[in-house]
Amino acid sequence: DFSTAISLSPNSPSSINSRGLAYEKQGRLDEAVQDFSRAIELDPGNAIFLHNRGLVLRNMGKYEDAVRDYTLALKLDPKSVSAYENRGYSYRKLGNFEKAVSDYTKALNLDGSRIKTLNNRAFCYARSGMYAEAVRIFFRLQLFFTFYTSHTHTHIYIYTFHRLRTTQMSFDLIRRIAMHIIIVVYLMTRKAISRKPLQILRKF
């Protein structure tokens, strides 16, 4: 096992990192952090090790520490979609929706097919009061649900809002409808749905 391998080669960062991943899967998060930290000490230029520790810290609710690790990881690997997504999630949990939107946007610029990331960005737009941007994203999500899924109820919610927005509506009503769609789309995208590349989304 990994512990045996480490005993034979105690300064092997890859073995220590692998044991950290095993600890994470077992829910032994403190031990996972210790192993990832040791791997980083041995190989500080490895973005994967930083990302792994950042993910565990994020799952432990240590969002500020997670942000620091993801920031370092992104300096080493500025094209890591998952690092942007996870740092965005950490910013979101810290209530920094502006930075969360920025990270989600960078992730989508690298991979525009990530529907959950698109939904998360819309959520942050809405939480920061940018309802027009949130609604614009939902029309992009409408393309996803129209062409790649059969979630009829989601079609109805988005179509209803599309119809209502052409009428005289108060700002508060727009806000409440937008938030309702956020909840519905979030619940739907958490289910096992198609994740085919949606190149059409890049056009919007």
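Predicted model: local features only at pLDDT ≥ 70, side-chain atom pairs only at ≥ 80, totals over all residues.

Trainee: Which residues of H5 meet H6?

Mentor: From H5 they are Tyr 63, Ala 66, Val 67, Tyr 70, Thr 71 and Leu 74, and among their partners in H6 are Ala 83, Tyr 84 and Tyr 91. By class, the residues of this contact are nine nonpolar, three polar and two charged.

Trainee: What about H2 and H4, at what angle do they cross?

Mentor: Helix H2 (residues 13-25) and helix H4 (residues 47-59) cross at roughly 20 degrees, and their axes come within 11 Å. That makes H2 roughly parallel to H4. H2 contributes Pro 13, Ser 14, Asn 17, Leu 21 and Glu 24 to the contact, while residues including Phe 49 and Val 56 come from H4. Five nonpolar, four polar and one charged residues make up the contact of H2 with H4.

Trainee: Changing topic: how many residues are in the largest nonpolar core?

Mentor: The largest nonpolar core has 13 residues, and Ala 32 and Val 56 have the most contacts inside it. H3, H4, H5 and H6 each supply at least two residues of this core.

Trainee: And what lies apart from it?

Mentor: Another core, of nine residues, lies apart from it; Phe 97, Ala 100, Tyr 104 and Phe 123 are among them.

Definitions and conventions:
Residues numbered from 1 in each chain as written. Heavy atoms only, no water. Axes fitted to C-alpha atoms, helices over the stretch in contact; angles between N-to-C directions. Helix = DSSP H or I, 4+ residues; strand = E, 2+ residues; numbered from the N terminus. Parallel < 35°, antiparallel > 145°, perpendicular 65-115°, else oblique. Contact = heavy atoms within 4.5 Å. Nonpolar A, V, L, I, M, F, W, Y, C, P; charged D, E, K, R; others polar. Core = buried A, V, L, I, M, F, W, Y, C linked by side-chain atoms within 4.5 Å. Buried < 20%, exposed > 50% of the residue type's maximum accessible area, 1.4 Å probe, protein only.
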